[in-house]
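Please look over the sequence and the model that follow. The report below then takes up a few topics in turn, beginning with a single residue.

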Amino acid sequence: MDKVSPDCPYPGCFFCVMKEGNPSKRRASILKFFRELPSQDDDGQVLPISGLWNTAMAHPNDPEFIELGIFECMAALIWKGLKNRRWLSHDQNIYIPYYAAHIIGSYTMNMEEFAESAVHAGVISPLVELLRGRLTWVEQRVAVRALGHLATYTNTFPAVASHGEILELSIQLAISSLEIVYTHFYQYADRRLRYHCDLLTRGMGGVEMESRKAEEWASQLQCWSLQLINCFAFKPEFIPTICKPEFLVKLPGMWGGLVNENSPAGIGLLRTICHHKLGRGPVASCPGIIEALCNIARSSDDWQCMAIDCLLWLIQDPSTCHKVIDKAVPALVDLAEITNLGDHKRLGDTIVNVLKECLQSQGTGRNTISNHAKELIEELLNSKQRLKWEKKMPKEDLHIKQAAALVVKLEGNSLFSSGNIAGAASKYSEALSLCPMRSKKERVVLYSNRAQCYLLLQQPMAAISDATRAVCLHNPLNRHAKSLWRRAQAYDMLGLAKESLLDAILFINECSQTNDPDLSLRQNKVPDYAERLVKKQMRAAWLFREAAIKHGGVHGEGDADDIYGQESDGSEWETASESDMGNDGRVEMVDDDDDDSEWNNEDGRKDKYDKTTIKDMKHGYDVHHAEDES
């Protein structure tokens, strides 16, 4: 590296080398730089490393630095930071192990041949030491990211798996990551390491920005740990290690949150586990996990199909069917009207066929179904048979049935308005029995109206069931605004904050896109009843909630306690049933026709929209693609 800019005081400056016009000299100089850098103790080493980090992020598929030895250089720098604490604490060298591990992860993100080069360069051992927590959680985050990429490829997975401790370390990190970040960074603003703050915000944020980024990084730390475990879960020999009850029971609650909602997280790992016969037994025997899968299956997020897959595989397996059938049937019956979901074509038909087979196999071996589950399956099969009969009926007869259903529905609306909620629910059930199966719009309204009745009758599970049937029947799928709102309230009554939050946000999104003047957001502002519920559930579903309860609230962060700290007096938030009831005893009206009707607030008047916008509601919780982050 002989060429140096006249204005540059550093011999062999990397940035000057990169400006070399002769390609041959440039490559030779870069090769020399990578070889010599780990043995040098000059000040300012972090500058070229941060430059390499930027290059790796911007051009992860460029082979030039791979061929010239960047992986060997980065591995050596990590080892140097681990073994030479005096060097690590000098100048700004504390940043170097983080950047080095991140560079390894970026270059192995897409290209298997790059991953093979990294393994041959010896990057796994120093990454494992970072994964152990030899430095801090910040380095653990980029180490688990890089190891996850290496474990993704067929040719490099054996090298990762040969380090037996990686799987156990990843499991422990997935369990404890949120608590680690909370106690080591988030909780005490005045104790935060300066270099952590700089890495989180790139030096452009205050305490509040640091806290928000810390939540995002904590979520990534957990999700990337789960991604690494998922690579092991594809191999049957690792299933027993993964399927420990104390770990399985936590998986449904491990989600990316609003800061990392694109990650399949715990449900993605559960799907991989349930794909193996070896994994289905432990999942079926784990307390609470089937109920959680049913809640996720009924949800309207991107991972709904993963939970449905799990339930179907568990039911189809004779060794686990008897353990899960009674809990799974109600949810699957609610979902039987789904047509296509993601890559799943005719998913509803698949659900019907699986349940039909279960019913036919009843009594054989251990596949005993409860009377309630049996009735639900038979009711579903009868509805499918009814649809076939209706296809053969004259149109005039169908019109008569539809008219009769409308009359009964209007009777239900009248009872509802007079306060006879149970009578109204009964009328909506009668109308459903009359309404033709192909009249989907009308059936959506009937299910949604009955869900509202069940809410007011304090029957949240029945309300969730009907609201789910409504959103499954609706076209487009999972986008019937009123049903989403009613299900959000029902989940709230059950204390299921995450599910309630996601439905409430979907409701707001639908209101922002609808042409219905009764539901559309005025000037892009969120209704106050929706804002109240979302804020309540954001607090209850906060990623650090358990850690905050265990270790105490946030300190030294101004008003951060008001946003994220211990839950305030319950009187601040209304229950679902209270928010539907006006001060004069009137309740929210049901739909009179196929269009959504007006929403009423506590005074029985149409809700006014306050100054809070959708953007404000998200409170900075923007979706981040994991691989685009620093």
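## A residue in a helix

Does I267 count as buried or exposed? At 6% relative accessibility I267 counts as buried, where buried means under 20% relative accessible area, exposed over 50% and partly exposed in between, with a 1.4 Å probe and protein chains only. I267 has its place in helix α17 (residues 265–275); helices here are DSSP runs of H or I with at least four residues, and strands are runs of E with at least two, numbered from the N terminus. Between I267 and Q304 there are 37 residues in sequence and 9.1 Å in space, C-alpha to C-alpha.

This is a predicted model, in which local features need pLDDT of at least 70 and side-chain atom pairs count only at pLDDT 80 or more, while totals for chains, interfaces and linings use all residues. Residues are numbered from 1 along each chain as its sequence is written, and side-chain values use heavy atoms, with hydrogens and water left out.

## Aromatic pairs

Across the whole structure, a search finds 21 aromatic pairs, meaning rings of Phe, Tyr and Trp (its six-membered ring) whose centres lie within 6.5 Å, with planes under 30 degrees apart counted as stacked, over 60 as edge-to-face and the rest as tilted. One of them joins Y95 and Y195 edge-to-face, at 5.7 Å centre to centre and with 75° between the planes. Because Y95 lies in the loop between α6 (85–88) and α7 (96–107) and Y195 in helix α13 (residues 194–201), this pair ties together parts that are 100 residues apart in sequence. Y95 counts as buried at 11% relative accessibility, and Y195 counts as buried at 8%.

The rings of Y182 and F544 have centres 5.6 Å apart and planes at 50°, so their pair is tilted. This pair links distant parts of the chain, 362 residues apart, with Y182 in helix α12 (residues 165–186) and F544 in the loop between α30 (528–540) and α31 (545–551). Y182 is buried at 0% relative accessibility, and F544 is buried with a relative accessible area of 0%. Elsewhere, ring pairs link W53, Y98, Y99, W137, F185 and W217 into a cluster.

## A positive patch

On the surface, K356, K388, K391, K392, K395 and R438 gather in a patch of positive charge. Such a patch is made of residues with over 30% relative accessible area and no salt bridge, like charges being joined within 9 Å and nonpolar side chains (Val, Leu, Ile, Met, Phe, Trp, Tyr) within 5 Å; a salt bridge is a side-chain nitrogen of Lys or Arg within 4 Å of a carboxyl oxygen of Asp or Glu.

Helix α23 (residues 371–392) gives the largest share of the positive patch, three residues. K395 lies in helix α24 (residues 395–417) and counts as exposed at 65% relative accessibility.

Note on methods
Accessible areas come from the Shrake-Rupley method with a 1.4 Å probe; for residues, only the protein chains shown count as cover. Lys and Arg count as positive and Asp and Glu as negative; His and the chain ends are not counted. The place of a charge is taken as NZ of Lys, CZ of Arg, CG of Asp or CD of Glu.
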